[in-house]
Amino acid sequence: MLKWEQNVRKVVPYVPGEQPNEPGMIKLNTNENPYPPAPGVERALRELSADRLRLYPDPTASVLVQALADRNGVKPEQVFVGVGSDDVLAMAFLTFFNSGKPIFFPDITYSFYDVWADLFRIPYACQPLDENFQIRREDYFRENGGIVLANPNAPTGVAESLDGIRQILDQNPDVIVIVDEAYIDFGGTSALPLIPEYDNLLVVQTFSKSRSMAGMRIGAAFGQLKLIRYLNDVKYSFNSYTMDLTALTLGAEAVKDEAYFQETTAKIIATRERVKGELQKLGFRFPDSQSNFIFVTHPDLEARELFEALRERRIYVRYFPKPRIDNYLRISIGTDAEMDALLAFLREYTGKRG
Ligand SMILES: *Cc1c(COP(=O)(O)O)cnc(C)c1O
């Protein structure tokens with residue numbers, strides 16, 4: 001090792017799902033929304049003038065913050081925005097997890113949490129989900145340096161009840177509890193209404209899934225004033241202009257179209273429920289998903305082999321070679337036509353083996 005290498009901040013990076021771009025592919029591997037963003041987003045995009053790029057964007061992100069505050073019935077000072085919820089979550093880790101005590105999150109969850117913890121030198125202790133991939137609440141009643149829960153969880157799709165979140169908050173008044181609600185619009189119950197009661201609750205959401213804007217990179221956090229002020233202090237010390245003009249403008253447009261949002265999320269939920277039934281008929285098993293994906297296993301099939309077979313047909317799903325879940329596939333919910341193509345392949349595949 002070279003001398004300077006001893007002083008490099010060494011990290012094992014997060015590996016995002018592959019992003020193939022092939023004609024005719026069916027992409028069900030990174031939980032993107034199969035429908036376009038709200039029509040107002042396209043309109044606003046066309047109206048943007050390149051000349052405006054000469055100027056720095058608004059560092060307070062006020063159009064977007066205001067739109068989110070109005071939509072969620074909170075004050076603008078209770079809203080923090082960032083470059084996708086990955087940026088928001090990373091800022092929150094850096095801001096709030098400095099006690100030196102281990103932070104807690106489940107053993108099976110969003111695989112960025114341990115990466116940020118390592119990056120920021122935050123100790124952590126993973127709490128095992130039970131055999132049904134449910135959180136064991138009592139695990140979170142012990143002393144810790146903070147808590148992060150994805151609700152619904154990824155990659156399982158399992159939702160925790162608001163009562164469960166409340167119990168965990170009640171037992172942890174002295175640390176920050178982050179609830180990552182990337183998939184909340186597909187069925188779970190949001191913890192947003194608990195914010196007035198808990199000064200230590202941070203609710204994080206994203207535009208990447210239910211708002212069809214993964215490519216635009218917008219995330220948000222909601223909490224009491226003090227919490228958001230601390231987050232902004234760290235953000236302004238890092239990069240004042242994280243949100244570019246396009247993201248601010250198009251993000252605000254997306255939030256304003258509630259009807260379109262309700263319509264597309266309802267469509268995805270309906271497709272998910274139909275696909276659940278079809279998968280069951282084929283012998284697949286899965287925890288009951290409240291998200292825009294289903295986490296499936298099959299008693300007679302090797303997940304990795306099925307993953308490869310799907311890949312050959314240009315149907316992309318996600319496989320995690322990790323303890324406890326290495327015989328599962330995470331399948332995002334696409335359009336009805338995409339899911340029908342997937343189901344047709346699975347019928348053929350399971351038929352051949354059965
Ligand atoms: C997709 C996802 C995110 C982050 O999404 P962004 O695109 O960065 O907003 C955060 N948490 C979970 C659990 C996710 O699945």
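Helix α8 (residues 258-281) gives the largest share of the lining of the second largest cavity, three residues. Helices (H or I, at least four residues) and strands (E, at least two) are DSSP runs numbered from the N terminus. A cavity is a set of points, on a 1 Å grid over the protein atoms alone, where a 1.4 Å probe fits but cannot get out; a pocket is an open set with protein on both sides within 12 Å along at least five of seven lines, and lining residues have an atom within 4 Å of a point.

Before we go further, a word on the model: it is predicted, so local features need pLDDT of at least 70 and side-chain atom pairs count only at pLDDT 80 or more, while totals for chains, interfaces and linings use all residues. Residues are numbered from 1 along each chain as its sequence is written, and side-chain values use heavy atoms, with hydrogens and water left out.

**Enclosed space**

Four cavities of 30 Å³ or more are counted. Grid points are joined across faces, edges and corners, and a volume is the space filled by probe spheres set on the points.

| Space | Volume | Lining by class |
|---|---|---|
| Largest cavity | about 100 Å³ | five nonpolar, four polar, three charged residues |
| Second largest cavity | about 80 Å³ | five nonpolar, three polar, two charged residues |
| Largest pocket | about 840 Å³ | 19 nonpolar, 11 polar, 11 charged residues |

For these classes, Ala, Val, Leu, Ile, Met, Phe, Trp, Tyr, Cys and Pro count as nonpolar, Asp, Glu, Lys and Arg as charged, and the others, Gly among them, as polar.

The lining of the largest cavity includes L68, R71, N72, T206, S210, R211 and F261. Two or more of its lining residues come from each of α2 (62-72), β7 (201-206) and β8 (219-222), and α2 has the largest share, three residues.

**The ligand and its pocket**

The ligand sits in the largest pocket, a placement that requires more than half of its atoms to lie within 2 Å of the pocket's grid points. That pocket has 41 lining residues, with Y14, Y110, S111, R318 and R330 nearest its centre. Helix α3 supplies the largest share of this lining, four residues.

Around the ligand are G84, S85, D86, Y110, D180, A182, Y183, T206, S208, K209 and R217, each with a heavy atom within 4 Å of it. Here too α3 (residues 84-96) has the largest share, three residues. By class, this shell holds three nonpolar, four polar and four charged residues.

An oxygen atom of the ligand lies 2.5 Å from a polar side-chain atom of T206, and a backbone N or O atom of S85 is 2.6 Å from a ligand oxygen. For K209, a polar side-chain atom is 3.0 Å from an oxygen atom of the ligand. Taken alone the ligand exposes 390 Å², and the protein buries 93% of that; these accessible areas come from the Shrake-Rupley method with a 1.4 Å probe.

**Backbone features**

Most residues other than glycine have a negative phi, and most peptide bonds are trans. The bond from N151 to P152 is cis, with omega near -5°, and the one from A154 to P155 is cis with omega near 5°. P152 lies in the loop between β5 (147-150) and α5 (162-170), and P155 is placed in the loop between β5 and α5 as well. R314, in the loop between α9 (303-312) and β10 (315-316), has a positive phi, near 60°.

Technical notes: A polar contact is a pair of N or O atoms within 3.5 Å; within protein, one must be able to donate a hydrogen and the other to accept it, and residues adjacent in sequence count only if both atoms are side-chain atoms.
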